[in-house]
Amino acid sequence: MRLDASGKVSLDHIYTAPDPRTYFQVLRPLGYRVPQLAKPWFDKIVREYRETEHVAVPHVLDIGCSYGINAALLKYDTTMDELYARYDGSGPASRAGLLERDRDLARSRRPAHPLRFTGLDASTSALAYAREAGFLDATVDADLEANDPTPAQRDLLAGTDLVISTGCIGYVTERTLTRVVRAQDGRLPWMAHFVLRMFPFDPVEKALAELGYRTVRVDEVFKQRRFAGPQEQRGVLDGMAAAGIDTSGLEEDGWLYAQLYLSRPQHVQPS
């Protein structure tokens, strides 16, 4: 088992396959569930944004979108259980067959919400699949930690109403979020980020405050997935202990946990 610098097991390979089967088949035994737990919160924020800003079809940017999981859950009202079964290896054997089946899903289901979804990720193959399947309407293949968006990428990011993520913060930092906001030419999209407790959100919150945001942390905690084994759990617990984070009753019991941070422009009253 290879651990990354944070103490987590490295799962880089599941994000670079040409289709989502490896992603779901590796994560299913670990009980990965945070997108499902995030879904009702994202639904709520979409409704609030639509009503407050009078936008009929909000433009959602999913940072670290991989194969368009959040888009599939929100646009087509799928569930994680449905997606796990969909990519368990018993269906079409080829990428082309999987794509055709997923296009049928996108065509046959009336969107649960009229949304436009753009995915931002550094995995070209995951983005390509999500776009071809119809989960994502547009994709931005970029590392905004290292680079400013190109003019073409800036055009795709412009007009974002909501920025969401389910687990990438910690690897993605305030550098990416600042570049996303600056691509809006003065507009401040609302944000909702599910962040593992092992990663501090303070630098992100500070950077967003300087841009004109107020951030609220939701009291609830959310299971992300089980630890891949004792070695990963020990690595994460050691890092959290060094940071002074109490893991009793949470990570000590075998699960990674996330917290939800909601960031809105300062003039918007928190709900």
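Predicted model: local features only at pLDDT ≥ 70, side-chain atom pairs only at ≥ 80, totals over all residues.
How are H5 and H6 oriented to each other: roughly parallel, roughly perpendicular or oblique?

1. **Two packed helices.** Let us start with that opening question. Two packed helices are described by the angle between their axes and the distance between the axes. Helix H5 covers residues 95-108 and helix H6 covers residues 124-133; they pack at about 45°, and their axes are 8 Å apart. Angles from 65 to 115 degrees would count as roughly perpendicular and those under 35 as roughly parallel, so H5 and H6 are oblique to each other.

2. **Who meets whom.** Now look at the side of H5 that faces its partner. From H5 come Arg95, Leu98, Leu99, Asp102, Arg103 and Ala106, and these meet Ala128, Tyr129, Glu132 and Ala133 in H6. Sorted by class, the residues of this contact are six nonpolar and four charged, with no polar ones.

3. **A buried arginine.** Keep Asp102 in view for a moment, as Arg86 touches it too. Arg86 sits in helix H4, which spans residues 80-86. Is Arg86 buried or exposed? Its relative accessible area is 15%, and the cut-off for buried is under 20%, so Arg86 counts as buried. Beyond its neighbours within four places in sequence, Arg86 is in contact with Arg101, Asp102 and Leu105.

4. **The largest pocket.** Rolling a probe the size of a water molecule over the atoms shows where empty space is left. The largest pocket holds about 910 Å³ of space. Its lining has 36 residues, and the closest to the pocket's centre are Tyr15, Gly64, Gly167, Cys168 and Tyr171. Helices H1 (21-27) and H3 (69-75) each give two or more residues to this lining, as do strands S1 (59-63), S2 (116-121) and S6 (213-226).

5. **One cavity.** The structure also has one cavity of 30 Å³ or more. The space in the largest cavity is about 30 Å³. Around the largest cavity you will find Phe42, Ile45, Val46, Val60, Leu74, Leu162 and Ile164. Which elements give two or more residues to this lining? They are helix H2 (34-53) and strand S4 (162-166), with H2 giving the largest share, three residues. By class, the cavity lining has seven nonpolar residues and no polar or charged ones.

6. **A buried leucine in a loop.** Next, follow the chain to Leu250, in the loop between helix H10 (230-242) and strand S7 (255-265). Leu250 has a relative accessibility of 17%, so it counts as buried. Leaving out residues up to four places away in sequence, Leu250 touches Arg197, Val221, Trp255 and Tyr257. Another pair to look at is Leu250 and Phe222: they are 28 residues apart along the chain, and their C-alpha atoms are separated by 10.0 Å.

7. **An exposed aspartate.** Finally, visit Asp202 in helix H9, which runs over residues 202-211. With the cut-off for exposed set at over 50%, Asp202 counts as exposed because its relative accessibility is 57%.

Key:
Residues numbered from 1 in each chain as written. Heavy atoms only, no water. Axes fitted to C-alpha atoms, helices over the stretch in contact; angles between N-to-C directions. Helix = DSSP H or I, 4+ residues; strand = E, 2+ residues; numbered from the N terminus. Parallel < 35°, antiparallel > 145°, perpendicular 65-115°, else oblique. Contact = heavy atoms within 4.5 Å. Nonpolar A, V, L, I, M, F, W, Y, C, P; charged D, E, K, R; others polar. 1 Å grid on protein atoms, 1.4 Å probe; cavity = no way out; pocket = protein on both sides within 12 Å on 5 of 7 lines; lining within 4 Å. Points joined across faces, edges and corners; volume = space filled by probe spheres on them. Buried < 20%, exposed > 50% of the residue type's maximum accessible area, 1.4 Å probe, protein only.
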